[in-house]
Each structure stands twice: as structure tokens, then as C-alpha cells.
Amino acid sequence: MNMNKMSGLGGVVAILMLLHYAEAQRVHQVGDSQGWRVPQDTTTYQNWASNQNFTVGDILAFDFQTGRHNVIEVSRDSYSSCNSNNPIGSTWNTGPSNITLNRGGEHYYICGVGQHCANGQRLAINVSGSALPPSTAIPPSSTTTPLSPSSSASTSFPTFIHFLFFSALVIVAF
Ligand SMILES: [Cu+2]
């Protein structure tokens with residue numbers, strides 16, 4: 001491989017990395033167009049969450065009118081009982097609020113106003129680990145693309161993106 005091709009490859013890699021980062025940092029508009037409010041149906045926000053794929057680095061956008069609602073991150077127990085007395089982390093009182101998901105695992109959010117939580121204004125999500133696995137480095141050009149060397153539990157959407165990412169690299173390299 002000559003130098004021109006090397007630098008061309010570097011450029012392509014840089015572009016792919018940018019696309020990769022762009023893909024990895026998504027904004028999730030909580031509740032889509034209805035935003036963050038007391039829903040018609042108490043399953044609204046769980047249904048919404050089940051169609052999303054949350055990754056560390058993503059942003060939750062809570063759209064609400066300041067003074068009418070808030071967002072409190074709570075424990076699972078407090079989420080279940082709609083107890084707003086023991087927040088873990090911040091309370092967001094100004095709408096709209098953008099919350100960056102900076103750790104993996106389960107996150108629970110409720111509205112602390114009146115009976116809003118009990119009436120369905122609460123959200124439980126599961127955030128998948130790190131946005132960038134250690135295998136982001138350029139793979140050796142002579143090998144075939146290994147599928148998920150660290151073999152995480154399930155083939156998630158991000159894993160699929162990485163597969164596409166490396167497939168593109170291999171195609172470009174040859
Ligand atoms: Cu509310």
C-alpha cells in the first residue's frame with residue numbers, strides 16, 4: 001500500500017469516525033411530540049422507551065412548561081412508589097431540559113408535581129454501556145473482520161453499527 005492510498009484511507013477513517021460519533025450521540029425526544037406531561041395512558045412513556053436504544057453519551061430531551069412539571073432522577077424504589085423525596089442527582093425545573101446520559105445501567109425519572117407520576121408521568125430506561133468499545137482502532141488489514149471480539153451479551157444496534165463500520169474499512173482498504 002503506497003503513501004497516497006494510506007492518506008486516503010486515513011481520510012476515510014476520519015469521516016467514518018465522525019459518522020460513528022454522530023450516530024453514537026443521539027437526542028431522544030421524550031414522549032415524541034407530546035413531550036413531558038401527564039399522559040392519556042399510563043403506559044405511554046414505557047411504550048416510548050421500548051422503541052428507543054439508549055447509549056452512554058445520548059441526550060434525553062424533556063420538553064415541558066417551566067412551573068408545570070419537573071424532572072427528578074430517582075431510585076427504582078422511588079420510581080415505583082412515586083416518591084420524590086430522595087432524588088439521586090439533579091432535579092430539572094426549567095423546561096425544556098436536556099439531560100446527558102453519562103453512565104450505563106438503569107435510570108428512573110419522575111415528575112414531582114402533584115399526582116403526575118402516579119398518573120403515568122414517569123420514565124424508566126436502560127442505558128447500554130460505553131459508546132466506544134476498545135476495538136475502535138484500525139484493525140490489521142490482512143485479517144478478516146472479526147465479529148465482536150469481546151462478545152457482549154447480545155447483538156445490539158451499536159454492535160451492528162460497528163460491524164458496518166469495520167466492513168466499510170475492509171472494503172476501502174482493498
Ligand atoms: Cu408533571
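Predicted model: local features only at pLDDT ≥ 70, side-chain atom pairs only at ≥ 80, totals over all residues.
Two residues are in contact here if their C-beta atoms, placed from the backbone, lie within 7 Å. By that criterion, and leaving aside neighbours within four places in sequence, His107 is in contact with Glu73, Leu101, Ile125 and Val127.

His107 sits in strand β7. The residue counts as buried because 21 other C-beta atoms lie within 10 Å of its own, and the cut-off for that class is 20 or more. Tyr79 is 28 residues away from His107 in sequence, while their C-alpha atoms are 9.6 Å apart in space.

The strand that holds His107 belongs to an open sheet of five strands, in the order β2-β8-β7-β4-β5, with mixed pairing. Strands of a sheet pair through backbone hydrogen bonds, either parallel or antiparallel. At the edges of this sheet are β2 (54-55) and β5, each of which pairs on one side only.

Strand β2 runs parallel to β8 (residues 122-128), and two bridges join them. In this pair Phe54 is placed opposite Val127 of β8. Val127 is also among the contacts of His107.

Further along the sheet, β4 and β7 (residues 105-110) are antiparallel and are joined by three bridges. Here Glu73 faces Tyr109 of β7, and Glu73 is another of the contacts of His107. Strand β4 (residues 71-74) also pairs with β5 (residues 91-92), again in the antiparallel sense, over two bridges. Ile72 is the residue opposite Thr91 of β5.

Pro96 is found in the loop between β5 and β6 (97-100). The peptide bond between Gly95 and Pro96 is cis, with omega about -5 degrees.

Two residues other than glycine have a positive phi. For Asp32 the value is near 50 degrees, and this residue lies in the loop that runs between β1 (27-29) and α2 (44-50). Asp32 is exposed, because 11 other C-beta atoms lie within 10 Å and a count of 12 or fewer puts a residue in that class. For Cys82 phi is about 55 degrees, also positive in a residue that is not a glycine. Cys82 is part of the loop between α3 (76-81) and β5. With 17 C-beta neighbours inside 10 Å, Cys82 is classed as partly exposed, since its count falls between the limits for exposed and buried.

Conventions. Residues numbered from 1 in each chain as written. Pairing = 2+ DSSP bridges. Helix = DSSP H or I, 4+ residues; strand = E, 2+ residues; numbered from the N terminus.
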